[in-house]
Amino acid sequence: MPWYELLAIFAAGVAAGTINTIVGSGSLITFPTLLAFGFPPVTANVSNNIGMVPGGLSGTWGYRRELIGQGPLIRRLVPMSLLGSVTGALLLLWLPAAAFQAIVPVLLAISLVLVVLQPRLQARVLERHADPDAGPHRLHQPLLLGGTFGAGAYGGYFGAAQGVLLMGLLGSLVPESMQRLNAVKNVLSLVVNSVAAVTFAVVARDHIDPAAVGLVAAGSLVGGLLGARFGRRLPPTVLRGLIVVVGLVAIARVLTS
């Protein structure tokens with residue numbers, strides 16, 4: 001592999017790790033980069049997924065302060081992310097790309113609507129949370145659990161923009177700040193990528209390119225630390241706007257791919 005390809009893939013990994021920690025959708029950088037250098041689509045997808053795991057670790061570590069007190073929520077959601085990730089990873093190997101690709105833009109569009117409406121939706125959640133006479137909405141938990149499973153399946157299948165899905169879901173149903181929700185998103189995304197990586201290592205070894213994995217992994221590790229350092233400084237409105245922009249780019253990329 002020429003030196004400029006090595007450098008380009010590493011740089012794409014840094015950018016993707018940074019974006020994943022702040023918003024998600026970093027694979028929209030690394031996946032096309034691998035394709036541009038001649039990697040087959042499934043090999044690029046699988047290798048990219050595995051390479052993103054170190055970036056998830058460094059990004060989660062960087063947001064560790066925002067995770068304080070969120071243990072109960074994470075313990076409820078992690079099993080759904082785990083199950084969804086295995087489901088999505090197996091679907092990648094069993095189904096034609098067009099089958100899942102058709103619904104991805106719809107899922108992203110719904111998530112962006114949720115992100116835009118998040119302040120109003122979360123205000124209602126907070127009102128019910130503060131009202132001693134109002135119990136938790138009976139649909140919130142099923143929607144949260146089912147949505148987390150769906151985001152995990154999507155992440156295990158492709159991965160790009162799963163952060164947008166998770167932020168739309170969490171922001172609409174969980175009474176927490178954007179930065180604290182972003183920390184939870186990083187944990188769930190890490191679970192999804194890690195489980196999918198193990199699944200690929202077991203059942204799809206022929207689609208793993210060690211060089212691509214190593215370069216993306218090294219870059220995403222650095223990018224995760226950078227994203228945690230700068231991402232928590234973003235005001236909620238700016239973070240929400242960035243999520244919407246990245247989500248729209250993701251929809252456009254999927255529709256034109």
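Me: Where does Asn49 lie, and why is Asn49 called buried?

Reply: In this predicted model, Asn49 is part of helix α3. Its relative accessible area is 4%, and buried means under 20%, so Asn49 counts as buried.

Me: Which residues is Asn49 in contact with, leaving aside its neighbours within four places in sequence?

Reply: With those neighbours set aside, Asn49 touches Gly155, Asn193, Ala196, Ala197 and Phe200. Contact here requires heavy atoms within 4.5 Å.

Me: Asn193 turns up there, so let me ask about the cavity. Which residues are the closest to the centre of the largest cavity?

Reply: Asn193 is one of them, along with Asn20, Met52, Gln162 and Ser189. The lining has 22 residues, and the space inside comes to about 230 Å³. The structure holds one cavity of 30 Å³ or more.

Me: What makes that space a cavity and not a pocket?

Reply: The test is escape: a 1.4 Å probe fits at the points of a cavity but cannot get out, whereas a pocket is an open set.

Me: How do you know that the length of α9 agrees with its number of residues?

Reply: At 1.5 Å a residue, the 12 residues of α9 should span 16 Å. The end C-alpha atoms of α9 are 17 Å apart, which agrees.

Me: Why is α9 described as mostly covered?

Reply: Because buried means under 20% relative accessible area, the count is made residue by residue, and 12 of the 12 residues in α9 are buried. Among them are Gln162, Val164, Met167, Leu169 and Leu173.

Me: Two of those leucines interest me. Which of its contacts does Leu143 make beyond neighbours within four places in sequence?

Reply: Leu143, in helix α8 (residues 140–157), is in contact with Leu169 and Leu173. Leu143 and Leu169 are 26 residues apart in sequence, with 8.5 Å between their C-alpha atoms.

Me: Is Leu143 buried, partly exposed or exposed, and what makes it so?

Reply: Its relative accessible area is 46%. Buried needs under 20% and exposed needs over 50%, so Leu143 falls in between and is partly exposed.

Me: What makes Arg180 and Glu176 a salt bridge?

Reply: The closest N and O atoms of Arg180 and Glu176 are 2.7 Å apart, and the rule asks for a side-chain nitrogen of Lys or Arg within 4 Å of a carboxyl oxygen of Asp or Glu. The pair therefore qualifies. Side chains of opposite charge can pair when their charged atoms come close. The count by this rule is one salt bridge. Glu176 itself is partly exposed, at 24% relative accessible area.

Me: Finally, how many helices and strands does the protein have, and what share of its residues is buried?

Reply: The protein has 12 helices and zero strands. Buried residues make up 51% of its 257 residues. Of the contacts with a separation of 6 or more, 83% come from residues 24 or more positions apart.

Methods. Residues are numbered from 1 along each chain as its sequence is written. This is a predicted model: local features need pLDDT of at least 70, side-chain atom pairs count only at pLDDT 80 or more; totals for chains, interfaces and linings use all residues. Side-chain values use heavy atoms; hydrogens and water are left out. On a 1 Å grid over the protein atoms alone, a cavity is a set of points where a 1.4 Å probe fits but cannot get out, and a pocket is an open set with protein on both sides within 12 Å along at least five of seven lines; lining residues have an atom within 4 Å of a point. Grid points are joined across faces, edges and corners, and a volume is the space filled by probe spheres set on the points. Helices (H or I, at least four residues) and strands (E, at least two) are DSSP runs, numbered from the N terminus. The expected span of a helix is 1.5 Å times one less than its number of residues. Buried means under 20% relative accessible area, exposed over 50%, partly exposed in between (1.4 Å probe, protein chains only).
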